[in-house]
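Hi everyone, thanks for making time this morning.

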Amino acid sequence: RGPYRPVATQYTFALLSGSYGCYLVAAGVWDCSVQVHYLGTSSSASSTGSVGYPSIPLSTAVPTRLVQSLHRHSDLVSCVAVGEPPLGVSAPIVVASGGRDMSVVLWEAAGRPLSGASPRSSTSAGLTFTYRCTLLGHDGEVRCLAVCVGSDVVASGSTDGTVMLHSLEGAYERTLRAPQRGPVDLLAILPLTGSVLFHSKAEQALHLFSLNGVHLRSCDL
C-alpha cells in the first residue's frame with residue numbers, strides 16, 4: 001500500500017511557493033501526519049507555467065523530496081489549507097490542518113531564500129514549519145479549511161454542520177451554522193468583502209456569512 005489513505009475532501013493538498021522554493025503540503029497519510037514535500041525552485045517561469053511556480057509539463061512526473069512530517073493529530077488528517085500574507089504585509093505564512101480527531105492544528109511556516117541547493121531536511125535553507133496551536137470545538141470530522149492572514153482568521157468546516165472561526169493566535173471567535181445543519185464540504189474566505197462562503201452537499205446549498213456571524217444569503221444549487 002502507498003503512504004496515503006483515501007480521503008473524501010477537496011482539501012487534501014496545498015501549495016506554497018516563493019524565494020524559499022516550491023512545496024507541496026499533503027494530508028491523508030497513514031501515520032496521521034502532515035507531509036511537506038519539496039518540488040523545486042520557483043524563481044523562474046515560462047510559457048508552460050505560472051509566475052512563481054515551477055514550469056512542469058503535464059506529462060512529466062514531478063520528483064519530490066519529503067523534507068518534514070508534522071505530527072499533532074491523533075487520527076487521519078482530512079484537509080490542509082495555506083494562508084499567505086498580502087503583498088507588502090510582514091506576517092508569517094500560516095498552514096492549517098484538520099482531521100477526524102475533530103481538531104484543527106495551526107503551523108507557522110518560515111522561509112529562508114535558497115542559495116542554489118535544495119533543502120535536505122527541515123533545518124536547511126528553504127521552508128521550515130513550527131507548531132503554533134491546536135483548536136478544538138467541533139463534534140465531527142473537520143472536512144475543510146480556509147486561512148486569511150489579512151483578516152487574522154482561520155475557518156474550519158465540519159460534518160457537525162458548523163463553521164468555526166478562530167484567530168490565528170488560537171482565540172475562539174464564533175460559530176456559523178447552516179440553516180439545516182448539513183455537513184460542510186467546501187469553504188472559502190472572501191478577503192475583499194470579509195465574508196465566509198461555504199457549501200453543503202447534503203443541503204445542495206451555498207451559504208454566505210460575514211466574519212461577524214451575520215447570515216447574508218443562502219441559495220440552492
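Before going on, a word on what you are looking at. This is a predicted model, where local features need pLDDT of at least 70 and side-chain atom pairs count only at pLDDT 80 or more, while totals for chains, interfaces and linings use all residues. Residues are numbered from 1 along each chain as its sequence is written, and side-chain values use heavy atoms, with hydrogens and water left out.

Back to Glu 169. Which residue does Glu 169 meet in a salt bridge? The partner is Arg 132, at 3.8 Å from N to O. By salt bridge I mean a side-chain nitrogen of Lys or Arg within 4 Å of a carboxyl oxygen of Asp or Glu. The two residues come from distant parts of the chain, 37 residues apart: Arg 132 belongs to strand β8, and Glu 169 to the loop between β11 (162–166) and β12 (172–177). Strands here, like helices, are DSSP runs numbered from the N terminus: E of at least two residues for strands, H or I of at least four for helices.

Arg 132 also meets Glu 108 in a salt bridge, at 2.7 Å from N to O. This pair too links distant parts of the chain, with Glu 108 in strand β7 and Arg 132 in strand β8, 24 residues apart. Glu 108 is partly exposed, with a relative accessible area of 27%.

How many salt bridges are there by this rule? The count comes to four. One of them joins Arg 100 and Glu 141, whose closest N and O atoms are 3.9 Å apart. Those two sit 41 residues apart, Arg 100 in the loop between β6 (93–99) and β7 (104–111), and Glu 141 in the loop between β8 (127–135) and β9. Arg 100 is partly exposed, at 35% relative accessible area.

Now to the sheets. In general, strands of a sheet pair through backbone hydrogen bonds, either parallel or antiparallel. For us, two strands count as paired if DSSP finds at least two bridges between them. The strands β5-β6-β7-β8, in that order, form an open sheet of four with antiparallel pairing. At its edges are β5 (77–83) and β8, each pairing on one side only. From one strand to the next the twist averages 25°, using axes that are lines fitted to C-alpha atoms, for helices over the stretch in contact, and angles from 0 to 180 degrees between N-to-C directions. Within this sheet, β7 and β8 are joined by eight bridges, and Gly 111 has Leu 127 as its bridge partner in β8.

There is another open sheet of four strands, in the order β13-β14-β15-β16, and its pairing is antiparallel. Its edge strands are β13 (186–190) and β16 (215–220), each of which pairs on one side only. Here the twist averages 15° from one strand to the next. Strands β14 (residues 195–200) and β15 (residues 205–210) pair over six bridges, with Ser 200 standing opposite Ala 205.

Next, please find strand β9, residues 142–148. Is β9 largely enclosed or open? Seven of its seven residues are buried, so β9 is largely enclosed by the rest of the structure. Six bridges join β9 to the antiparallel strand β10 (residues 153–158), and Cys 144 has Gly 157 as its bridge partner in β10. The two strands form a hairpin with four residues between them, and Asp 152 in the turn has a positive phi of about 55°.

One last stop, towards the start of the chain as it is numbered. Tyr 20 lies in the loop between β1 (13–18) and β2 (21–26), and at 8% relative accessibility this residue counts as buried. Its C-alpha atom is separated by 9.4 Å from that of Gly 40, which is 20 residues away along the chain.

That's my tour; I'm happy to go back to any part of the picture.

Notes: Buried means under 20% relative accessible area, exposed over 50%, partly exposed in between (1.4 Å probe, protein chains only).
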